[in-house]
Amino acid sequence: MTPFKRAPERDPLDRTPLSVRLQRSATNDYSPGAKGFVEAWSSIFVGLTITARRAARNPDTLRYPFEKLTLSPRWRGALRLTGILGRDDIGSIEAPSPDYIRRIEVLEDEQRLPPCVGNCPANVDARGQALYLADERPADAYELVRDRNTMPGVLGRICHHPCESACKRNHYDEPIAIRPLHRVAFERYAEFREERVRKLPVTRSERVAIIGSGPSGLTAAFDLMKLGYEVHVYEKDPKPGGALLTGVPAYRLPREVLAQEIEDLQSMGMRLLTGVRIGSDVPIDHLIGEYEAVLIAAGLQFSRMLPIPNIDAKGVTGAIEFLRAGNSKHDAGVKGKRVLVVGGGNVAVDCARVALRCGASEVTLSSLESMDELPAHPWEIEEALDEGVVAMCSFGPHHVIAPEGRVTGMRLQSCLSVFDAQGRFSPQFGDEYSDLECDVIIFAIGQAPDLTDLVSGSDLLLTERGLLPVDGSLMTTELAGVFACGEVVTGPGSAIASIASGHEAAESIRRYIQGVALDEDRVYRPVPVYPRYGKPVLKGIEPSRRRAKMPMARGTDRAKDFRPVELGLTHIEGMSEAARCLRCASEVCVGCTFCARTCPDYAIRVERTDDPGSRCVTRYDLDLSKCCFCGLCAEQCPTNALKHTGQYELSFYTRDLTVFNRSEMLRDGGGTRATGADGTSVSACRGAGAPISEDSSPSNPEDLVAPTEVEQ
Amino acid sequence: MSALLTGAAWGLAAASLIAVAALIGVWWERKVAGRIQMRFGPQEAGPAGLLQTLSDTLKLMLKEDITPTAADVPVFRAMPFLVFVPVASALVVIPYASGWAPFNIATGAVFFLAVPGLSVLGILLAGWASQNTYASIGGVRAAAQMISYELPRTLSVLSLCLLAGSLSTGTIRAEWRWWWVPLTAVGFLVYFISSIAEVNRGPFDLAEAESELVAGYFTDYSGIRWAIFMMAEYGGVVAASLFGAATFLGGGLGLSGVPGALLFVALTALIATAMIWAKWTFPRMRADQLMTFAWKVLTPMALVQLLAVGIALAARVVLS
Amino acid sequence: MTQDEMTALIARIRTHNADLYPLFSLEFGDAVVGVAPEELSSTACDLREAGFDRLTMVTAVDRGETFELVYRLHSRSLTASIFVKTVVRRDDPHIASVYDVWPAANWQEREVFDLFGIVFDGHPDLRRILMPYDYEGHPLRRDFEHPNIIRRPDYI
Amino acid sequence: MSLDIESRSSTLSDDGMPVEELVVNVGPSHPSTHGVGRVVVHLDGDVVVKADPVIGYLHRGIEKMSENRTYLQIVPLTDRLDYVGSMYANWAYCRAVERLARMRVPERAEYLRVIVCELQRIASHMMGIGASAADTGAFTAFVYAFDLRERVVELFEALCGARLTYNYVRPGGLSSDAPDGWEESVVDFVHALPRKLDELDSLFFGNAIARGRMKGIGVLSAQDAIAWGATGPTARASGVNWDLRKHDPYSVYPRMDFDVVVGERGDAYDRNRCRLLECYESARIVEQAVAQMHGGPVHAEGVPRLIQPAPGDAYDQIESARGTLGVYLVSDGSPRPYRMHVRSAAFANLALLPMLAKGHTLSDLVVVLGSLDPVFGEIDR
């Protein structure tokens, strides 16, 4: 119950005092009698000696105010605003692929990396996307994202959005809906597609073969195409998309979105060869000879199973096989049957939901982990439970009950803990058993690549466990000119992580072909750590500041077929959602008013126009006569525009209303200080786009935080 | 008439001496206190901040001279001078050279001990005339303290008079022998301590105890009148130091000529510095402790000193 | 002191005072007991005899119709703390002073009197303490109004 | 500060002589009232007959202001409670909020809190000792004490950018981690500290005059100390062995090895010297805490900007330099506390002044007041 950690050996509620030793007594008397008399007189001379000794030493004080011994970087003095939002002030992060990571690293070093970008494995510039979307430049937004994300429309549906969990807006209310904005950008790109999608010029003679048309393969293909190479993508299935097609259910990713984005890539010059099975149809050696470089992005092909009795009974299947069948035919032979899904990951949840949609009468999800530690994303679990999936947590499979070679049920054993003290996977089982009747058992406990066929006849060797030895950072295999990326390298993971590895592989291939050492002067993606935010508390937050709510199909309806669950944001919703972005770490004031809201003394006054398309800060006042130098405002500032200066004691401000004047700011590139102007003159803010009317009254009165307005 | 002129001339000289001494004394005290407290002291105005006191004096002269409405105005206005004049007059009986004092009277020692004591009247009346609780208490405290400390101070000087066989300060300096120093060491200590008390300086500055009485008897004074009180205090310090150096230490330990004069000045500065040193080292005593100290410690010590000198003189007579 | 001991102690004191309110909660090692206002003096004496020799805090909370008075006691011998809560009516804010039991209540009750207007009967020197002697009104009441008080908006 | 002829009250002394009491109004603007305290003193000659502290000159209504502020916005207010030891009020308040909102604080934050609060204890005690020394006229001892305080304040300045109102402890942790090299400078400071404290001890507490001024002045018995709710060095000097860090341990104090300093007489001297000796113990604690501390976050995860605890109340207390500093919070579920009350140690200690000063002289009144170490920001709130 205590809010802090005490010494482990002590019960927090134990209020018994510690053993107290009393060694020191404050009382101190002279000895009695003549000795005391001598002590008293000698104390006089001891005192004189002490002061004399100090006087003999050089003074160690300092000449104030000309020098200061310590000038801490944490001066909490008067404030400085480094810039005010005009629409050109914040750039998007744009750089050709090889230099992009370098750019990210520089920003990270300068502590100017927005958390959404830093937390994304592929460093997608979500801030720039929101900037363009709010500015009604959806095509720019889409292309900005596509530079790093290759398939924004797809990822806008299925990404697990690490960007949103790092979004600084979590600290204030709710994160920006970055993933739905990808989708908005994709949808609005439709009208620009014809004029914008052009064939990329092939400027180089080298050709690259890519095996697999999943996210990582397509990303590497797109990167290499932009560099001017000719890229051939081989896909064994008749349709491209890899795991996106076979693994991701259609209710999350409509097939036409995937097809559209792959078609865009083809329009840009990617040559796609479907139905070609490398290994059996075309030996990989042939590719190695034919192309300058070969990239294996084949993904994972089969599901892991458990070595338990009756695992080969009829009715037991693996997740990949089940999903492949379910996604292609919308019928996996579970109609009217009772389905048990073993596993607690996202794939397991997908299986359960697909089984429901294929007509299973009841679907149970059994996992070793307890409900709180399920590895699947919480929103997916929630959606699955909404649709009627039953979760049986903390149970592990014991054996399959199959009396006649056909599944009739499964015996489950209770699981006490999944991980040991060091965090390794080491499940501890209890004595409790439970028999569950079911007709189909789907094991979704992991996947593995199947590369034996692919590499047969080549010099590529697989490890004993069937894995391809790959350098995890350079994406090279043991054979020069052959690279690998995607889940072949990383193991089961997210689509965005595969995309990130595709970028790395493309960079390695570029270097290989151009004859540059693969690791020479190479910058790897920085992995900053961001604070984890708790569940947002929305009481006390005005509705206009909240995140746009994603409309969802009703839980009972949507489980019947493969129609999309998320219905998507409208254009207007998308624009205002994009305008919520705080432009983190841009060092430009965006008029979020969090400083004014936090200021305990009403010393800050922020005014802005609040139209999403042309949002602009029109006035920023700091009343130094009210400021109590608590520093909360600068701590709150999401953009780092507001900073403390070293002016606490050496301040040369007049203590009257001071105004941060935009024209003043433009004169002084390094930022400005309070000008001491009277508060009446409002400097007009001229953004590059729409001019702001002279009457710059804020459209949203709640954003005008000033004492006169607050009195109610 | 000529005596009056001479007196006026000497008085002017004494006042100037005090003014200069106070200027330097305040600066020196600030420097010493600064060093003791690990500071630099004044350092901006003039070389090593020497002009700081001058600028402060200028400021004090330009400040408004405030008289409280409740005060007894004529008394209130006059008292700074009544405090200053006796202190300044003490300077004219100090033997600046062997056998010579500006106002070399036969009872110079008595004059030196008695006349500055008249300033107690000024302090008492200053406190009373302010019509302020703190000032009144400060004035009463100062009166009790200064009168009490007259006794051990007089007794300690008396032993010198006994040795020299004269009450004339000039004679005392002329008659000085080196062996007086060890013989009158205790007397010098008593003289030193009671002089501090006499000029109301720490650790005996109860009359102006800033933590209890805000500023004691001159709480309500400001500007130049306040400055005159301060000058009187520093004048007292200078007079006590000069007299101590001239008589107890024989004015340069018996040396004559230029080195003797330099040594005299150095010893005077030493005694003054010791007073400053003590002030910036010790806490302040309480009124009853101060009285106890005067009557139960210093007076017996001075009497013992007197007795020792008497015995020494008697022994000398017997031996010779 | 363990929770069981504390429960037993409160039960023992309850035998003397039938109107002792039920135990509110036993949280963070601090027990909370509620007493009827007229039983406060006797409960205080009982608790004092039981070993609660320190009165750490006296304060009040404005609960609308009533004021909730909060006393925090501590016992060094028992190594235990206890909250005693009682209520007084807003229209008749009188309660017995515990100054006789714990002199520490002297200034703290004066403060509550000053800021809430609760009168402690039997207090030897019940004057205003923080506000000026001639001040009108009791600032810590929730309905206290002053032109300088700026109400903040509901949204932050 | 005027001589009120009217305010003299005439009474009869024991032997029937008419005695005229002199009423001296010490404060609210007086050199030794440690801020803006005021004591109306009735004097019989130089002896205090009655001393009546009149407080409230620094009453800013912080408890009332808190009702209109969010939990985060109150933290700068707590700086202004005990402006000599802002860290304590920060910490006590944040502990109450953490208890109310059920937050867990990372271990590194707890260690840093212990370090800053023990450094703050040194700084605050140096202020108390220095002010007591100045009250007795020992201005150089005051400067020496303030020299040590200045070192601590410089450390705090490097830590949080402020010298007086730190605003460093936050609900759920701290505002920022310590800068690079800060821990080393703290260790350097506490290593050099005992020698400097020894010097102060001999200069001031060993001095015969200072002893004469403080010994036997304002004697507080252990029974009175407990009954009147005295805490901290004021109570410990009377022999009351009571220190929350030991007897009601909180934070990581159970892991520290230190002694409780108690006095025997309960007079002004013991109270002040108790403070001095506590600084040695604080230095020990700081040294151990720096050695035990290791890296990690300094702020709890998932603390929203707008803290909205469930309805209820919580009380938490810490041992500040002046004694038990408790904060009582009542929440009604909104982002602002329904009621905040500060149980101030200096407030309880100052209530002892009429009892302690009676029968002493005016000079001793100042010493007694100084030995109680009142900080009127905390008393008046």
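**A hairpin to start with**

Modeller: Let's begin in chain C, where β3(C) and β4(C) make a hairpin with three residues between them, and G64(C) in the turn has a positive phi of about 85°. Keep in mind that this is a predicted model, so local features need pLDDT of at least 70, side-chain atom pairs count only at pLDDT 80 or more, and totals for chains, interfaces and linings use all residues. As for labels, residues are numbered from 1 along each chain as its sequence is written, while chains are lettered from A and ligands numbered from 1 in the order in which they are written.

Colleague: What counts as a strand, and what counts as a pair?

Modeller: Strands (E, at least two residues) and helices (H or I, at least four) are DSSP runs, numbered from the N terminus. Two strands pair if DSSP finds at least two bridges between them. Here, eight bridges join β3(C) (residues 54-62) to β4(C) (residues 66-75), and the two run antiparallel.

Colleague: Which strand does β4(C) pair with over ten bridges?

Modeller: That's β5(C), residues 80-89, again in the antiparallel sense. S75(C) has A80(C) as its bridge partner there. β4(C) and β5(C) also form a hairpin, with four residues between them, and T79(C) in that turn has a positive phi of about 45°.

Colleague: How many residues of β3(C) and of β4(C) are buried?

Modeller: We call a residue buried if 20 or more other C-beta atoms lie within 10 Å of its own, exposed if 12 or fewer, and partly exposed in between, with C-beta atoms placed from the backbone. For β3(C), nine of its nine residues are buried. For β4(C), seven of its ten are.

Colleague: Okay, helices next. How do I read the length of α19(A)?

Modeller: The expected span is 1.5 Å times one less than the number of residues. α19(A), residues 495-514, has 20 residues and reaches 29 Å from its first C-alpha to its last, close to the 28 Å expected. It is largely enclosed by the rest of the structure, because 17 of its 20 residues are buried.

Colleague: What about a whole chain, say chain D?

Modeller: Chain D has 15 helices and nine strands. Its radius of gyration is taken over C-alpha atoms, and the globule rule is 2.2 Å times the number of residues to the power 0.38. With 381 residues, a compact globule would come out near 21 Å, and chain D has 21 Å, which agrees. Its C-alpha atoms fill a box of roughly 75 × 50 × 35 Å along the principal axes, and 68% of its residues count as buried.

Colleague: Is I129(D) buried or exposed?

Modeller: I129(D), found in helix α4 of chain D, is buried, because 30 other C-beta atoms lie within 10 Å. Two residues are in contact if their C-beta atoms, placed from the backbone, lie within 7 Å. Not counting residues up to four places away in sequence, I129(D) touches A145(D), N272(D), R275(D) and L276(D).

Colleague: And where do the nonpolar residues go?

Modeller: In soluble globular proteins, nonpolar side chains tend to be buried together. A nonpolar core is a set of buried Ala, Val, Leu, Ile, Met, Phe, Trp, Tyr and Cys residues joined through C-beta atoms within 7 Å. The largest one has 409 residues, of which I210(A), A221(A) and L295(A) touch the most other members. Its largest share, 16 residues, comes from helix α4 (residues 107-135) of chain D. A second, separate core of 43 residues includes A348(A), A352(A), M410(A) and I442(A).

Colleague: Last one: how many residues of chain B are in contact with chain A?

Modeller: Eleven residues of chain B are in contact with eight residues of chain A. On the chain B side, helix α1 (residues 2-36) gives the most, with four residues.
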